[in-house]
Amino acid sequence: MRLSSVIDDAAEVRRATSLIELGARLQVLESETRMSRERLLKLYKEIQGKSPPKGMLPFSTDWFVTWMPNIHASLFMAIYQTLIKSSALDDVEAIVKAYRLYLEQCRGNELLAELSVTRAWRLVRFVDAGMLKLASCTKCSGRFIVRDHDLTRHYVCGLCHMPSRAGHTKDPAKRLAH
Amino acid sequence: MKTEQLLDEIRDANLSYLVLAQHLIREDKAEALYRLGISEEVADVLEGLSTGQIVKIAAANLLMCRFRFDDAIVWNLLRSHARERGVAGAHAAILMAQALPQAA
């Protein structure tokens, strides 16, 4: 689509730039900006110094309800919803800001940021579409991501009731080395 | 003598808090609301305070900042020495982000 105003165009480039800097995949950019694919590719290469990864985006809601990803997804969502409710941000601005704050929280707690910005964006879309929702834990009253059809009346979150093998994954750095 | 010293300390804390709050709000308001846990109306007032006004407000005998979390669960998670230290921190972070007044 042709953009009529230079200022609008600059805003679109800024929007795309902040998403690329956080590591968003091309599909996210194509859906959230009005820039052409060619310009997005060029911008991506300029910022990341390489071509964007190819292939489909992860499309399943299952990942978000496994133990560790669920903690990360629920944390991101808590920040995102607070920003959306307290300020007049559009959802992409809120995703970018919430994702930066989420990264800060991970650093502060010495956790690896398991949620990529692309997954974070998917998460927001899944919640918008009603495929994922938030349920309140009956113990800590925190709100956690669950699937649309999950029963939530007696819901207890994965942190109040830790599965016995929780967190016993190999160090991801070592996992990559092998 | 002792009270005087305490009042001085309160004034110093108020001053740092108000200056920091104003700095955060001017830098990025949306983020500041999250970090400070205040409403947009209060943020607008703080943003517009002059240095003179800040100094005057800071000299009150009450602290202008307060503990944000009344929930004992949050405090227990924050002070935990559990094996899964980072996970407890993330748990606390989830509860804290949801406890902000405007998120109700």
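**Helix 6 and its surroundings in chain A**

The buried residues of helix 6 of chain A pack against helix 1 (6-21), helix 2 (26-32), helix 4 (67-86), helix 5 (91-108) and strand 1 (132-136) of chain A. Here a residue is buried if 20 or more other C-beta atoms lie within 10 Å of its own, exposed if 12 or fewer, and partly exposed in between, with C-beta atoms placed from the backbone. Contact requires that the C-beta atoms of two residues, placed from the backbone, lie within 7 Å. Helices (H or I, at least four residues) and strands (E, at least two) are DSSP runs, numbered from the N terminus. The model is predicted: local features need pLDDT of at least 70 and side-chain atom pairs count only at pLDDT 80 or more, while totals for chains, interfaces and linings use all residues. Residues are numbered from 1 along each chain as its sequence is written, with chains lettered from A and ligands numbered from 1 in the order in which they are written.

The C-alpha atoms of chain A fill a box of roughly 55 × 45 × 30 Å along the principal axes. Of its 178 residues, 34% count as buried. Among the contacts in chain A with a separation of 6 or more, 50% come from residues 24 or more positions apart.

Helix 6 of chain A covers residues 117-128. Its 12 residues reach 17 Å from the first C-alpha to the last, close to the 16 Å expected at 1.5 Å a residue; the expected span is 1.5 Å times one less than the number of residues. This helix is mostly covered, with 10 of its 12 residues buried. Among them are A:Trp121, A:Leu123, A:Val124 and A:Phe126, together with A:Arg119 and A:Arg122. After helix 6 of chain A comes A:Gly130, with a positive phi near 80 degrees. A:Gly130 lies in the loop between helix 6 and strand 1 of chain A and counts as exposed because it has 8 C-beta neighbours inside 10 Å. A:His149 is 19 residues away from A:Gly130 in sequence and 9.8 Å away in space, C-alpha to C-alpha.

Helix 5 of chain A, one of the packing partners of helix 6, has 18 residues that should span 26 Å at 1.5 Å a residue, and its end C-alpha atoms are 25 Å apart, which agrees. Its buried residues include A:Ile95, A:Val96, A:Tyr99, A:Leu101 and A:Tyr102, as well as A:Lys97 and A:Gln105. Helix 5 of chain A is followed by A:Glu110, which has a positive phi near 55 degrees.

The two strands of chain A come next. Strand 1 and strand 2 of chain A pair in the antiparallel sense over 5 bridges, where pairing requires that DSSP finds at least two bridges between two strands. Across this pair, A:Leu134 stands opposite A:Ile145 in strand 2 of chain A. Strand 2 (residues 143-147) of chain A is mostly covered, with 4 of its 5 residues buried. The hairpin has 6 residues between the strands, and A:Ser141 in it takes a positive phi near 55 degrees. The loop between strand 1 and strand 2 of chain A also holds A:Cys137. With 21 other C-beta atoms within 10 Å, A:Cys137 is buried. Leaving aside residues up to four places away in sequence, A:Cys137 touches A:Gly142, A:Phe144, A:Tyr155, A:Val156, A:Cys157 and A:Cys160. A:Val156 is 19 residues from A:Cys137 in sequence but 4.7 Å away in space, C-alpha to C-alpha.

Turning to the interface, 24 residues of chain A are in contact with 21 residues of chain B. Helix 4 and helix 5 of chain A are the elements that give two or more residues to the side of chain A that touches chain B. The largest share of that side, 10 residues, comes from helix 4 of chain A. By class, the side of chain A that touches chain B has 10 nonpolar, 10 polar and 4 charged residues. In this scheme Ala, Val, Leu, Ile, Met, Phe, Trp, Tyr, Cys and Pro count as nonpolar, Asp, Glu, Lys and Arg as charged, and the others, Gly among them, as polar.
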